[in-house]
Amino acid sequence: MEYYEMVKNPDAVSLGNIPDTDYNTFYKQTVDLLKRKENHCLNYFVSNSGNRLRFFILIANDDKHSVLIYSHSPENDIKRLKSISAECYQMHIFEREIHEDLGIEFTGHPWLKPVRYSSDRFDQSSKMSGYLFYSIDSEEVHEVGVGPIHAGVIEPGHFRFICHGENVLHLEIQLGYQHRGIGKLFAEKNNLLQQSVLSETIAGDTSVGHALAYSQLAEAFAEVNPVSNLKKERAVALELERIAVHIGDTAALCADVGYQIGQVACEALRTMVINTTQDWCGNRFGKGLIRPGGTNFPLSKEMIEVIEKRLDEVNLRFHHVTDLVYNNSGIISRFENIGALSLTQALMSGATGMAARSTGLCRDIRWSHPFQSFGILHYKPAILDSGDVYARGMIRKLEFELSLAIIRKLLLDMAGSDLSTSVRPDYNMKLRPETLGVSIVEGWRGEICHSSITGKDGKTALYKIKDPSLHNWLMLALAVRGQEISDFPLCNKSFNLSYCGHDL
Amino acid sequence: MSGEYKVLKDHGKQFVPNLRTQPVSAIFRGRPVISDSLTNNEIRQVSELCPSGAIDSKTGSIDLGKCVFCNECALMLPGKIRFENDYRISVNRREDLVIRPGQEGHVRLDETLIRKDVRKLFRKALKLRQVSAGGDNSCEMELNAAGNVNFDMGRYGIEFVASPRHADGIVITGPVTENMAEALDICYKAVPSPKIIILVGTDAISGGLFTGSPAVNRWFINNHDIDLYVPGNPAHPLTFINGVMDLLGIK
């Protein structure tokens with residue numbers, strides 16, 4: 001096997017130390033690795049350094065807690081490559097991305113469907129409005145188109161259902177409406193404060209998760225190791241974000257089955273959690289809280305007490321609500337066996353986060369590739385296996401409890417430590433030149449992977465972001481197959497995926 | 001039934017009784033106050049630091065339409081720049097988002113710019129269609145929160161509706177992506193006249209950090225009159241509700 005094995009998360013490696021193979025070796029090695037259940041692809045992308053294309057692949061190994069990195073560099077005018085997706089379906093989205101941006105045909109790929117109509121796509125003549133959706137020529141089926149603008153106050157995307165009566169035969173999801181060109185802006189800005197603020201808007205509902213992925217990546221490039229309390233604070237912030245969203249999602253699930261008491265009680269609890277984040281850093285979404293090198297909002301003894309006290313109350317009240325929700329046979333009958341997915345489907349989709357863990361697939365970066373304080377926590381993820389709306393709802397309740405335990409443990413440790421050691425952020429860190437960095441964070445949706453390559457001058461030349469939604473949108477499309485179309489909103493809420501995180 | 005009683009008892013009264021004066025965290029970043037004793041050197045330093053180009057390099061004023069409320073300028077010049085927790089920062093004239101050194105006191109809407117029919121027709125019921133056009137979902141979530149059990153803007157007849165045909169105006173979030181430009185225009189045209197346009201969040205007001213990105217298309221914003229600017233990153237629900245109340249003339 002020819003790869004560089006990265007054992008830390010985050011970490012950075014000189015480009016020269018990454019084995020570069022021919023495509024046949026690359027292909028065979030990738031297929032061999034991805035056939036093993038402990039491996040999955042974190043990212044696959046192309047760096048274009050003017051006269052040379054280099055395709056990097058990052059494969060996470062859960063057994064060894066490492067990331068395997070290698071590359072291939074075909075001729076610059078390469079037109080086609082043999083598709084890996086044909087053998088390992090989880091690669092489908094990465095090959096589609098590369099196809100869209102560079103025009104390379106992946107022979108044998110099942111469907112080279114456009115990903116997001118990026119502004120620098122290869123085929124500029126292709127237009128979003130001209131996209132031809134998959135259709136079935138039959139008088140017995142009808143199509144339902146929804147979006148890009150949806151009924152509620154949410155982000156845009158288009159859903160095209162092919163239905164037979166009330167049943168969904170096929171759902172095609174077309175995204176890209178949210179494409180802001182954010183990846184390119186990282187390379188243009190070359191200023192750590194600007195990049196840091198930008199990372200918070202990759203998906204604003206995951207500001208802490210993405211800002212953490214960015215900040216720890218910058219630190220890996222600068223070979224800076226954050227002080228112990230900073231690592232703890234960051235983990236607390238990340239878990240607070242998770243708790244807030246999980247409660248909010250429980251509200252949304254209740255709303256979609258017409259259970260108003262559960263909805264409003266959870267909405268009010270989410271408000272309590274995000275207002276706690278606001279009391280800590282001045283912003284309900286934690287914007288400004290996570291910065292490279294240090295923090296502008298070190299936790300004080302008083303703030304630690306506020307968080308502990310608030311969460312005690314939230315915990316008590318959330319238990320009262322979930323006791324009601326998950327003991328109500330009317331609700332359970334609307335959750336069970338709805339939108340069910342199998343472990344095989346999750347593996348094939350490259351599913352991450354709750355979407356994977358609810359099908360029995362143990363994917364959790366906090367457990368497999370511990371970052372910040374997670375190494376000392378001996379954290380074990382909650383796993384359910386029914387793969388339906390019930391599992392995706394219940395896993396939020398279980399994760400709420402796990403996150404609460406993490407926060408309490410870390411705050412207790414911090415309360416007994418010297419809190420005066422905090423350092424301010426450093427926006428002048430020097431990044432190692434000609435280096436590839438990898439940073440993975442388990443955000444509330446799942447695996448966030450940021451990778452970046454620096455040029456000779458130590459400036460960001462390429463910034464590749466992967467939000468967990470990139471994989472999980474396919475899970476949603478599969479979940480509604482064979483379901484009644486009226487169950488779509490419920491299935492959709494049970495995933496709560498990001499549009500802007502996908503569209504970038 | 002006892003379980004439901006417990007939840008209702010926990011829940012208690014959640015609604016914010018007075019949306020005009022509801023206190024928020026002391027460190028919430030709303031309206032900035034800038035000292036008029038900034039030296040040229042200090043102005044140069046903070047304007048170079050500002051990640052979104054919101055600080056004027058000559059005058060030292062802060063444009064809330066560009067500001068991402070990161071607080072870095074206040075940390076660089078403590079005592080000279082500070083962010084108050086005043087969330088009533090919505091305006092109806094773009095220039096009024098620029099806060100000058102020495103400027104104290106609340107920002108207010110210019111009453112003379114408010115169209116008569118807006119007040120007459122929408123004072124008791126304002127239905128809005130929200131369009132996210134590259135928004136990062138934080139502004140969208142705050143707009144949803146504006147109608148939740150805490151903020152409950154529905155008490156004034158203000159609410160979001162599904163169809164533009166039922167709406168009296170649109171609320172835009174995000175810098176307006178090229179891929180959403182057409183859908184936004186179609187949606188706006190589907191709203192019956194008279195109609196209003198509200199921009200929510202820094203990205204919508206100025207393009208924010210996405211200014212100049214080839215994936216962004218500002219044509220719609222640059223070619224329509226805007227009735228209300230609601231700054232923030234994201235805009236706080238109280239900033240939005242208070243702005244709309246001011247626009248409608250609700251005391």
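Modeller: Happy to; we'll go from whole chains to sheets, then to the interface and a single residue. Keep in mind throughout that this is a predicted model.

Colleague: Let's begin with overall shape. How does the radius of gyration of chain A sit beside that of a compact globule?

Modeller: The idea is to compare a chain with what its length would lead you to expect. For 504 residues, a compact globule would come out near 23 Å, and chain A has 22 Å, so the two agree. Along its principal axes, the C-alpha trace of chain A spans about 65 × 60 × 35 Å.

Colleague: And what about chain B, with its 251 residues?

Modeller: Run the check again. A compact globule of that length would have a radius of gyration near 18 Å; chain B has 19 Å, which agrees too. The C-alpha trace of chain B spans about 65 × 45 × 35 Å along its principal axes.

Colleague: What percentage of the residues counts as buried in chain A, and what percentage in chain B?

Modeller: In chain A it's 56% of the 504 residues. In chain B, 51% of the 251 residues count as buried. Take the contacts in chain A with a separation of 6 or more: 67% of them are between residues 24 or more positions apart. For chain B, among contacts between residues at least 6 apart, 79% join residues at least 24 apart.

Colleague: How many helices and strands does chain A have?

Modeller: Chain A comes to 16 helices and 14 strands, while chain B has nine helices and nine strands.

Colleague: Now domains. Which stretches of chain A does the domain assignment give?

Modeller: Domain 1 is 4–117, domain 2 is 140–178 + 468–504, and domain 3 is 225–425. The centres of domain 1 and domain 3 of chain A are 32 Å apart, taken over C-alpha atoms. Nine residues of domain 1 are in contact with six residues of domain 3. On the domain 1 side, those residues divide into four nonpolar, four polar and one charged.

Colleague: Is the β6-β5-β7-β8-β9 sheet of chain B parallel or antiparallel?

Modeller: Parallel: five strands form an open sheet in that order. The edges are β6 (158–160) and β9 (228–230) of chain B, and the twist averages 25 degrees from one strand to the next. Three bridges join β8 (196–200) to β9(B), and the bridge partner of B:Leu199 is B:Tyr229 in β9(B).

Colleague: How many residues of chain B are in contact with chain A?

Modeller: An interface can be read by counting the residues on each side. Here 50 residues of chain B are in contact with 47 of chain A. Elements giving two or more residues to the chain B side include α1 (2–11), β5 (126–132) and α6 (178–190) of chain B. That side divides into 23 nonpolar, 18 polar and nine charged residues.

Colleague: Last one, a single residue. Is A:Glu219 buried or exposed?

Modeller: Count its neighbours. A:Glu219 has 23 other C-beta atoms within 10 Å, and the cut-off is 20 or more, so A:Glu219 is buried. You'll find A:Glu219 in helix α5 (207–222) of chain A. Leaving out residues up to four places away in sequence, A:Glu219 touches A:Val224, A:Pro226, A:Pro292 and A:Gly293.

Methods: Residues are numbered from 1 along each chain as its sequence is written. Chains are lettered from A and ligands numbered from 1 in the order in which they are written. This is a predicted model: local features need pLDDT of at least 70, side-chain atom pairs count only at pLDDT 80 or more; totals for chains, interfaces and linings use all residues. Domain bounds come from an automatic or database domain assignment. Two residues are in contact if their C-beta atoms, placed from the backbone, lie within 7 Å. Ala, Val, Leu, Ile, Met, Phe, Trp, Tyr, Cys and Pro count as nonpolar, Asp, Glu, Lys and Arg as charged, and the others, Gly among them, as polar. Helices (H or I, at least four residues) and strands (E, at least two) are DSSP runs, numbered from the N terminus. The radius of gyration is taken over C-alpha atoms; the globule rule is 2.2 Å times the number of residues to the power 0.38. A residue is buried if 20 or more other C-beta atoms lie within 10 Å of its own, exposed if 12 or fewer, and partly exposed in between; C-beta atoms are placed from the backbone. Two strands pair if DSSP finds at least two bridges between them. Axes are lines fitted to C-alpha atoms, for helices over the stretch in contact, and angles run from 0 to 180 degrees between N-to-C directions.
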